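Welcome, and please load the model in your viewer.

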Amino acid sequence: MMASAQFDLDHLRRWIGKTEQASDVVTARLVVGLIATIGSGSRDDLEVPIAMHWCLAPPMVPMSELGSDGHPARGGFLPPIPLPRRMWAGGRLDIHDRLRVSDVVTRHSEIRDVTVKRGSSGTLCFVTVDHEISTERGVAISERQDIVYRPGETGRLAAPSAVSTSPAQPRPARWSGSVAADPVLLFRYSALTFNGHRIHYDRCYCRDVEGYPGLIVHGPLQATMLLEFAASLKGGRTPRAFDFRGVKPLFDGADFTLNAVEDGGALRLWTANADGHATMEASATW
């Protein structure tokens, strides 16, 4: 079941219960930057985007402590998973309070679980992290973050299901909007989140090392846009809960769509690439 003799799940599960804490301030400049990037709201009223917390208190390590993929080297807060490819698989947000400009925000994080599964591309390792985002008013957001690690070989093309360009069966949406997935959008979001992951800006790395045909649009960026889209469809009301999961990589070079349908009192949402394939699925409830 293990990818190699070095894959010691019992050792990795010792990270369960490990915690860390970080703090940051919601500045007007950061808010304006995110609004300008995702095209939501007005820079005049400075209403803080719902998922602003993903831009706060990112890990900032010296260049010498980065891995080859641009992420901080493993073995600190996150367990040292011996699989080379890491992506944000999805998660859940329970939203109790909107962040405001000048808030001092504290993020308390804890490793909840480390599990191994077999996928079509081999052994997959999932790490679940719980985050509690608080201000002086109390807990603002409770978050579950799902991270997946997968195998990969230099120069090998990614799984065909990840790069398929065949048209998908049309999936009807009541509401839909289009977004240009260009490198500037990805650069801006990487800069706002201090995200050094090379799959979002280094085209040669994407092609030659990870085997992808283009730059990958961030999962949190897609989730942020879907969350703002959901709120706009409900007259600006903030969802109480938001679940999301990535189902296929989304590449730059063409427009993608934000889509929604009603589901009782909730909304089912998804992003789709230019061929109509869903890349992220989500649900929002009020």
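A word on burial before the first stop: a residue is called buried under 20% relative accessible area, exposed over 50%, and partly exposed in between, using a 1.4 Å probe and protein chains only. This is a predicted model, in which local features need pLDDT of at least 70 and side-chain atom pairs count only at pLDDT 80 or more, while totals for chains, interfaces and linings use all residues. Residues are numbered from 1 along each chain as its sequence is written, and side-chain values use heavy atoms, with hydrogens and water left out.

**The whole chain**

Start with a cartoon view. The protein chain has six helices and ten strands; these are DSSP runs numbered from the N terminus, with helices being H or I of at least four residues and strands E of at least two. Of the 286 residues, 46% are buried. Taking contacts (heavy atoms within 4.5 Å) between residues at least 6 apart in sequence, 72% join residues at least 24 apart.

**Stop 1: the aromatic rings**

Now select Trp-54 and Trp-88 and show their side chains. Rings of Phe, Tyr and Trp (for Trp, the six-membered ring) are paired if their centres lie within 6.5 Å; planes under 30 degrees apart are stacked, over 60 edge-to-face, and the rest tilted. That rule gives four aromatic pairs. Trp-54 and Trp-88 form one that is edge-to-face, with 5.4 Å centre to centre and 75° between the planes. Distant parts of the chain are linked here: Trp-54 is in the loop between α2 (28-38) and β2 (85-95), Trp-88 is in strand β2, and the two are 34 residues apart.

Is Trp-54 buried or exposed? Trp-54 counts as buried because its relative accessibility is 10%. Trp-88 has a relative accessible area of 26%, so Trp-88 is partly exposed.

**Stop 2: charges over rings**

Next, select Lys-117 with Phe-126. A charge sits over a ring if NZ of Lys or CZ of Arg is within 6 Å of the ring centre and within 35 degrees of the ring normal. The charged end of Lys-117 is over the ring of Phe-126, 5.1 Å from its centre. Then move to Lys-234, which lies over the face of Trp-286 at 5.3 Å from the ring centre.

**Stop 3: the cavity**

Which residues line the largest cavity? Select Ala-22, His-53, Leu-56, Ala-57, Val-105, Thr-106, Arg-107 and Ile-133. On a 1 Å grid over the protein atoms alone, a cavity is a set of points where a 1.4 Å probe fits but cannot get out, and lining residues have an atom within 4 Å of a point. Points are joined across faces, edges and corners, and the volume is the space filled by probe spheres set on them.

The count is one cavity of 30 Å³ or more, and the largest cavity holds about 40 Å³ of space. Strand β3 (residues 104-119) gives the most to its lining, with three residues. By class, the lining has five nonpolar, two polar and one charged residues; Ala, Val, Leu, Ile, Met, Phe, Trp, Tyr, Cys and Pro are nonpolar, Asp, Glu, Lys and Arg charged, and the others, Gly among them, polar.

**Stop 4: two backbone angles**

Most residues other than glycine have a negative phi. Stay with Ala-57, which has a positive phi of about 50°. Ala-57 is in the loop between α2 and β2 and is buried, with a relative accessible area of 12%. Then select Ser-102, where phi is also positive, at about 80°. Ser-102 lies in the loop between β2 and β3 and is exposed, with a relative accessible area of 55%.

**Stop 5**

Select Ser-134 in strand β4 (residues 122-135). Ser-134 is buried at 17% relative accessible area. Beyond its neighbours within four places in sequence, Ser-134 is in contact with Val-104, Val-105, Thr-106, Val-139 and Ala-140.

Pro-59 comes next, in the loop between α2 and β2, and counts as exposed at 54% relative accessibility. With neighbours within four places in sequence left aside, Pro-59 is in contact with Pro-72 and Phe-194. Pro-59 and Phe-194 are 135 residues apart along the chain, with 7.8 Å between their C-alpha atoms.

Finish at Pro-82, which lies in the loop between α2 and β2 and is partly exposed at 33% relative accessibility. Pro-82 and Asp-8 are 74 residues apart in sequence and 9.1 Å apart in space, C-alpha to C-alpha.

Terms used
1 Å grid on protein atoms, 1.4 Å probe; cavity = no way out; pocket = protein on both sides within 12 Å on 5 of 7 lines; lining within 4 Å.
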